[in-house]
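Work through the exercises below with the sequence and the model in view. Each task is followed by a solution in steps.

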Amino acid sequence: MTNRQFITSSSLARSQELKIGRQTEYRALIRSIQYTHGFGLLFVRSAPRQAKELINRVKTDLGGHQGVTQFTSAEQKTIEILRLEQPIENLYALVAAMPKDQIDVLLITGIEKSLTGDLKPSGQGAGEYYARNPLPPILGHLNLEWKRFRDDFGICFVFLVPLFALKYFARQAPDLFDWRLGVWDFGEDSLFQPEPRPILPSVNGLKYATLSAPERTQRILKLQDLLAEVGPQAEERSSWSVELGYLFAAGADYRSAIAQYDQALALNPKEAEVWYSRGVALGDWGHQEDEIASYDKALLLKPDQAQAWTNRGDALFHLGRYEEAIASYDKALALQPNISSIWANRGVVLASLGRFSEAIDSFDKSLRLEPDADPVWVQRSIVLGYLDQPEAAILSYDKALRLNPNIAQAWKKRGIALFDLERHEEADR
């Protein structure tokens, strides 16, 4: 299981090693770094907040920082961190400028910032953005120069990247990616995720979800013909482009959807609904930073758009910007205090920050509105465990399991709580 934060409850001493992710995954990563001498290439999937925690842990365990390491037999390594704050096109030059003879391990964060800068929605084709041209310059550079990295640098390179960037490397930098020693996954804990939002962005777009693929294609072709027949400033162009955006989004062709939204906004930039729909498409496309910026545009025009505040909170959560996410959820709740999923997602983020008592309060408010939400009961149970309240956690697990007896992880964690209370016979059932 992957946790999003350091666990500090004294009752969870046995779980201290799980601070930055699944311990078995972490041990495997440490062993690979430890036994790599000279050039090596490792990829670690992690969210931004996890990456920071992971770096600190690796420095402690292999770099001898703070004078303590749980891997006492590990050979100490000289570890450096390269944090890329801006897009780059040449990684070799940056590494060459470092004192490479004094570096055993180079942890690299932020490479994903270089992967999307040149991508422009084209309105053509479908499929996932990481499988299409244009090739980001940094990946072209790495494809061409990987042998120089291998020959010139006796360094173990560890790229800490989000999922979309990992896919980019696999699809568009195969020459480099094939030299990897492994991929380690410190993705989000499935029990600490916001509730999934609808695929389509709004009431205006929801009707397109019910269309079949042939029906969508027929309507797209008709609208494209209509757009070809009218002038560039025709009044109808904006509404037709918006409708095309909805149709493309319904088919998960987010690149084309965004292109259509952009065309509509070029004609009428004060349409809050279009900015919002564009934000949802960007989020589903994996561009959370741009998604947030689009919601911000929508909210400047229509600040009472509760769903925009909610989706904005979700995007901030996925970027590890937890305090901002809570503020966004609070804005949404000020407008719609009776939406149980917002209270639940707010509780998730509070739990991710280790603010467990506040998280319980948020989950309880969610459950008062929707008492049959078994995932919320499970999340609540986990947090009660962190608060050293195993008996309350068991009761909460019981609620979840009465609603849905097929939650395997709830049965497992309930058994652990019973074992902690030395109720061994019940735990073994």
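## Exercise 1: a pair of helices

The crossing of H11 and H12 is left-handed. The model is a predicted one.

Task: Which residues of H11 and H12 make the contact, and how are the two helices oriented to each other?

Solution. 
- Step 1. From H11, the contact takes in Ala272, Trp275, Tyr276, Arg278, Gly279, Val280, Leu282 and Gly283. From H12, the residues are Gln288, Asp290, Glu291, Ser294, Tyr295, Lys297, Ala298 and Leu301.
- Step 2. Sorted by class, this contact of H11 with H12 holds eight nonpolar, four polar and four charged residues.
- Step 3. H11 covers residues 272–285 and H12 covers residues 288–301. Their axes come within 8 Å and cross at roughly 165 degrees.
- Step 4. Angles over 145 degrees count as roughly antiparallel, so H11 and H12 are roughly antiparallel to each other.

## Exercise 2: the next pair

Task: At what angle do H12 and H13 pack, and how far apart are their axes?

Solution. 
- Step 1. Helix H13 spans residues 306–318. Its axis and that of H12 are 9 Å apart, at an angle of about 160 degrees.
- Step 2. This angle makes H12 roughly antiparallel to H13.
- Step 3. The crossing of H12 and H13 is left-handed.
- Step 4. On the H12 side, the residues that meet H13 are Gln288, Glu291, Ile292, Tyr295, Asp296 and Leu299. On the H13 side, they are Ala308, Trp309, Asn311, Arg312, Ala315 and Leu316.
- Step 5. The contact of H12 with H13 has seven nonpolar, two polar and three charged residues.

## Exercise 3: loop residues

Task: Where is Ala252, and where is Asp388?

Solution. 
- Step 1. Ala252 sits in the loop between helix H9 (236–250) and H10. Phi of Ala252 is near 65 degrees, a positive value in a residue other than glycine.
- Step 2. Ala252 has a relative accessible area of 36% and is partly exposed.
- Step 3. Asp388 sits in the loop between helix H17 (374–386) and helix H18 (390–403). Phi of Asp388 is positive, near 60 degrees.
- Step 4. Asp388 is partly exposed, at 47% relative accessibility.

## Exercise 4: the whole protein

Task: How many helices and strands does the protein have?

Solution. 
- Step 1. The protein has 20 helices and five strands.
- Step 2. Of its 429 residues, 51% count as buried.

Conventions
Residues are numbered from 1 along each chain as its sequence is written. This is a predicted model: local features need pLDDT of at least 70, side-chain atom pairs count only at pLDDT 80 or more; totals for chains, interfaces and linings use all residues. Side-chain values use heavy atoms; hydrogens and water are left out. Helices (H or I, at least four residues) and strands (E, at least two) are DSSP runs, numbered from the N terminus. Buried means under 20% relative accessible area, exposed over 50%, partly exposed in between (1.4 Å probe, protein chains only). Axes are lines fitted to C-alpha atoms, for helices over the stretch in contact, and angles run from 0 to 180 degrees between N-to-C directions. Angles under 35 degrees count as roughly parallel, over 145 as roughly antiparallel, 65 to 115 as roughly perpendicular and the rest as oblique. A crossing is left-handed if the near helix is turned anticlockwise from the far one by less than a right angle, and right-handed if clockwise. Contact means heavy atoms within 4.5 Å. Ala, Val, Leu, Ile, Met, Phe, Trp, Tyr, Cys and Pro count as nonpolar, Asp, Glu, Lys and Arg as charged, and the others, Gly among them, as polar.
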